[in-house]
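Visitor: I'd like to learn how to read a structure like this one. Could you walk me through it?

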Amino acid sequence: MKLQTTCIICPRGCRLTVEDDLTVSGNSCPRGERYGRQEATDPRRSVSSTIRIDSTLVKMCPVHTSAPFPKAKIPALMEAIKPLSAKAPVHMGEAVCQNLLGTGIDLLISEDIER
Ligand code: SF4
């Protein structure tokens with residue numbers, strides 16, 4: 001079935017049409033073609049959230065996925081993140097959880113929190 005979507009790779013926001021044979025039209029650059037094919041076959045999104053942290057400075061710590069995450073699994077990902085917590089100090093890029101839901105994608109700390 002033909003897919004109509006908006007490219008989110010840059011602010012231009014080209015309207016894309018992806019045919020059943022994965023031919024993409026409406027894109028203004030090759031990145032849009034790649035995005036359209038990915039969106040039609042295996043849509044993914046970068047995910048940012050927060051987890052609790054044992055710290056004297058803050059109660060929550062920002063985290064993000066190490067790579068765009070399969071869109072269909074994002075609700076399960078949010079449930080998996082809920083019980084997670086960390087203890088300061090933590091540093092940007094440290095893995096809180098590896099291989100989330102068997103995807104090979106990790107959950108990483110987004111900010112240094114020293115104490
Ligand atoms: S197709 Fe290219 S120019 Fe258009 S929104 Fe996507 S990245 Fe930007």
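Visitor: Which residue of E2 is the bridge partner of Thr 5?

Guide: In this predicted model, Thr 5 has Leu 16 as its bridge partner in E2. That pairing belongs to the antiparallel arrangement of E1 and E2, which are joined by 4 bridges.

Visitor: And how does E2 pair with E3?

Guide: Those two strands are antiparallel as well, with 2 bridges between them. Thr 17 is partnered there by Ser 25 of E3. The hairpin of E2 and E3 has 5 residues between the strands, and Leu 22 adopts a positive phi near 70°.

Visitor: How should I read a helix, then?

Guide: Start with the general idea: an α-helix has 3.6 residues a turn, so residues three or four places apart point the same way. Here, the buried residues of H1 are Gly 32, Tyr 35 and Gly 36. They line one face of the helix, because they fall within an arc of 100° when seen down its axis. On the other side of H1, Pro 30 and Thr 41 are exposed.

Visitor: What covers the buried residues of H1?

Guide: The cover includes strands E1, E2 and E3.

Visitor: Which residues surround the ligand?

Guide: Among them are Cys 7, Cys 10, Cys 14, Cys 29, Arg 12 and Arg 31, along with Gly 32. By type, the shell divides into 5 nonpolar, 4 polar and 2 charged residues.

Key: Residues numbered from 1 in each chain as written. Predicted model: local features only at pLDDT ≥ 70, side-chain atom pairs only at ≥ 80, totals over all residues. Buried ≥ 20, exposed ≤ 12 C-beta atoms within 10 Å, placed from the backbone. Arc of directions from axis to C-beta. Contact = placed C-beta atoms within 7 Å. Near = placed C-beta within 6 Å. Nonpolar A, V, L, I, M, F, W, Y, C, P; charged D, E, K, R; others polar. Pairing = 2+ DSSP bridges.
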